[in-house]
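Hi,

Here is the two-chain file for you to look over. My notes follow below it.

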Amino acid sequence: MASKQIQTTYNNLTPAAALDKKTLNKMVWRSLNLQGSFNYERMQANGWLYGILPGLLAIHGEDSDDLKLSMAHNLEFFNTHPFLVTFVMGIILSLEQQKTDINTIRAVRVAAMGPLGGIGDAIFWFTLVPIAAGIGSNMAIQGNIMGPIMFLLIFNVVQFAVRFFLMHWSYSLGTKAIEVLTANAKEFTHAASLLGVFIVGALTSNYGGTTLSANLALENGTTIQSILDGVLPKMIPLGLTLGLYFLMKKKGWTPIMCIGALLVLGLLGALVGIF
Amino acid sequence: MSFNAIQIILVFAWVFIIAIDQFDFLESLYQPIVTGAVIGAILGDLKTGLVVGGTYQLMTIGNMPVGGAQPPNAVIGGVMAVVFAIGSKLETGAAVGLAVPFALIGQYMVTLLFTVMSPMMSVADKMAEKGDHKGIVRLNWLAMAALGLLFAVVCTLGMIGGEAMGKTLESLSKAQPWIMSGLSVAGGMMRFVGFATLLRIMLSNDQWGIYFAGFSLATIIGYVADLTSIVLTNAGFTNTILDKGETIINHGIEATERVGSIANVSGSALLLIAFIGIALALNDFQTNVALKKAGSNENGGDDDGI
């Protein structure tokens, strides 16, 4: 099976039995540790896989080639809002259960993870925490032990309600949607990958914060970065992504080689003052 | 400032838990309001713990981990503020000031761990290839334990070494600023490896235009958002707490901003972009389905799948 890397359909295409409530709930609990192995390259990827593993095991079975395939593509770049991740989990698991084309699953995953970040920040960090912590802090400052208890209670009731609701809701939503879409599966895959690529393009700009040092300037004070921005804003993130794409696609570089190169580039760049 | 062995062990254990909690578990135990009370109770002065925790909490409300940026670490800062307030009988403000070097070291440790964990993803790839699901679980827990240990050790050093330890850490963090700054920059670039990998798999040659369209739209929306909202992430913390330690924090913030400028433009940008992407995808879907139907009418076949 030398072609395993590019295999895009599961070997066993018979839909698996629907996941039971117990498995779904187990994954809600696991979703708490989504960021356990957070890293700069793929962010929450390993925590994401850790979270959905109970579902994948139930769907593909232990020691199956399909499980390996599924694990491999679920280890690709992943980043979403930690409190809303069960929404993505539900949809992706419904697709996995129906043994949907891997390209479709990947595209839907990428398309779903991106937009949730802003929504989650708005709900949790800008609304819930200020309210809960505001109430709690004023009590705590007066020496009232109920301050921290109130805070924990308010925050976690909302958090768990959201996590459990989203998991079950999006899983049944995904299951229903698939029935409609299987009639035009090929067209759906094409449309979904189009959306996925569009989102990756957006992420390149939105997540790309690399800039040159403000100290790199011409004699009149114009920074090199502002000149680059004048040509094309976010040129460096775009250039790096395309460069790495080229190295991997044409030169056969592995991700770890790319990471090593970036580490050297970052350290040397900081030493000589480029960054 | 002297603490007994049991107190030090209990603080070690609590810091171990909340260091992980800042990204996992309940993601709320680490908040200063909770941690202040717990540390206060351990050190035998619940009331001071509550007051310092509550005060620190109000200061850090604008200092959330929005969009994945790493501000000076409020977790370790909160713990040390309470330790100093109780141990050295300091005013809240002074205790928070002394805690700043620890907050900065905390941020450095997070950066370091996230960098080190990047090459570990290749190990995870090998596990996936073999279907080693237990390995994936182990890796996730190991990384969490590493984070907990790093933080717990620094806090323990702080409890034993006191203010002197803060000064040592401060000079340590100033010694070779380019290393931390370089790691931050490299860390900020590593996500492009993740994007490039996705593109390598997803992108067919007829979709390059779509990729650039997504990039352009995000850049435009990001630019507009940048004009209106300025540095949400760091402003709150910097303004309120750092009067006490501005010189120490500056180069840390500088590094943070470069990695973390993603935070300020995120917001609803990606949601808006997704709406437009969905419109494009729907259009593509409907066009292709219509084409297929037209085609199949002509051929009369219904299951050739072409």
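The axes of helix α7 (residues 185–206) of chain A and helix α7 (residues 177–202) of chain B come within 11 Å and cross at roughly 155°. Axes are lines fitted to C-alpha atoms, for helices over the stretch in contact, and angles run from 0 to 180 degrees between N-to-C directions. Helices are DSSP runs (H or I, at least four residues), numbered from the N terminus. The crossing angle therefore makes α7(A) roughly antiparallel to α7(B) (over 145 degrees).

Which residues of α7(A) and α7(B) make the contact? A:Ser193, A:Gly196, A:Val197, A:Val200, A:Leu203 and A:Thr204 come from α7(A), and B:Phe195, B:Leu198, B:Leu199 and B:Met202 from α7(B). Contact means C-beta atoms, placed from the backbone, within 7 Å. By class, this contact has seven nonpolar, three polar and no charged residues. Nonpolar covers Ala, Val, Leu, Ile, Met, Phe, Trp, Tyr, Cys and Pro; charged covers Asp, Glu, Lys and Arg; the others, Gly among them, are polar.

Now the whole interface. 100 residues of chain A are in contact with 101 residues of chain B. α7(A) gives the most to chain A's side, with 19 residues. That side has 61 nonpolar, 29 polar and 10 charged residues.

A note on provenance. This is a predicted model: local features need pLDDT of at least 70, side-chain atom pairs count only at pLDDT 80 or more, and totals for chains, interfaces and linings use all residues. Residues are numbered from 1 along each chain as its sequence is written, with chains lettered from A and ligands numbered from 1 in the order in which they are written.

Best wishes

Notes
Helices (H or I, at least four residues) and strands (E, at least two) are DSSP runs, numbered from the N terminus. Angles under 35 degrees count as roughly parallel, over 145 as roughly antiparallel, 65 to 115 as roughly perpendicular and the rest as oblique. Two residues are in contact if their C-beta atoms, placed from the backbone, lie within 7 Å.
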